[in-house]
Amino acid sequence: MRSRTAIQLKVPEVCRPNATREGQVNETVQEYIEGIYRLQEEVGRVATNEVAQYMGVSPASASIMLKKLAELGLVEHTPYRGILLTEEGKNLAQQVLRIHRLTERLLTDIIGLPWNDVHDFACKLEHYIAPEIADKIAAALNYPSTCPHGNPIDPTVDDGSWRLSDAEAGMELLVIKITDERREFLEYVEQLQLVPGAQVEVMNRTPFDGLIQINVDGTQHTIGPEVARYVWVKEAK
């Protein structure tokens, strides 16, 4: 009887979770860089506590990771002045975001998932899709310009939109994108029909608490600034 030969096959290092060709820019690094990029678009320089809150970790854990990111040359961390991505960090974040948004498109357009489910799945898949594969996905999808939530596939594109929270009474607007991609937020704005492509009329806004009364397809709603700031619009033509 032949003895069983020990199996020598191993998963290639580049295919293992948290591994990349560079060996240091792993899944966690990519998640932090993407998160800082999103926060930076909201507030400019980012505080350690804001990074910790966004990532769902303690400030101490965030501080350790930010130190590593600085050592990798991906962020500039100035005490009491906040965190900014370096040019290298920004390029990495934009690459990850492009893959993320293409993956969301793949999941909605080909797999058939609803738009409020795809963000979480894309967060898991984006780290395993190489840029050259992302190019193939873009071609297969006929080069979509936005993700299902209206955000540009190419994060460097300025679509000219602005926050609904900055709108004035009497404006007639077109919803361009939603930048809060949490499932519960997307479900809420979908209930209001406040989705990309929707036409919105600003009926009134209160001067102190920022409440905005809007008309969406003949139905009136009142929303707060914490919702309106993540709905981006343009004036309807």
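**Group meeting: a walk through the model**

Okay, let's start in a loop: Gln193 sits between α7 (183-191) and β5 (199-205), with helices (H or I, at least four residues) and strands (E, at least two) taken as DSSP runs numbered from the N terminus. Gln193 isn't a glycine, yet its phi is positive, near 60°. It's partly exposed at 39% relative accessibility; buried means under 20%, exposed over 50%, and partly exposed in between, with a 1.4 Å probe and protein chains only.

Quick housekeeping. This is a predicted model, so local features need pLDDT of at least 70 and side-chain atom pairs count only at pLDDT 80 or more, while totals for chains, interfaces and linings use all residues. Residues are numbered from 1 along each chain as its sequence is written, and side-chain values use heavy atoms, with hydrogens and water left out.

Tyr143 also has a positive phi, about 55°, without being a glycine. You'll find Tyr143 in the loop between α6 (131-140) and β3 (162-163), and at 58% relative accessibility it counts as exposed.

The background: an α-helix has 3.6 residues a turn, so residues three or four places apart point the same way.

On to the largest pocket, with a volume of about 1,000 Å³. A pocket here is an open set of points on a 1 Å grid over the protein atoms alone, where a 1.4 Å probe fits, with protein on both sides within 12 Å along at least five of seven lines; lining residues have an atom within 4 Å of a point. The volume is the space filled by probe spheres set on the points, which are joined across faces, edges and corners. Of the 33 lining residues, the closest to the centre are Arg38, Leu39, Glu42, Tyr54 and Thr179. Helix α1 gives the most to the lining, 8 residues.

Cys147 is buried at 1%, and Cys123 at 19%. The whole structure has 0 disulfides, meaning cysteine sulfur pairs within 2.5 Å.
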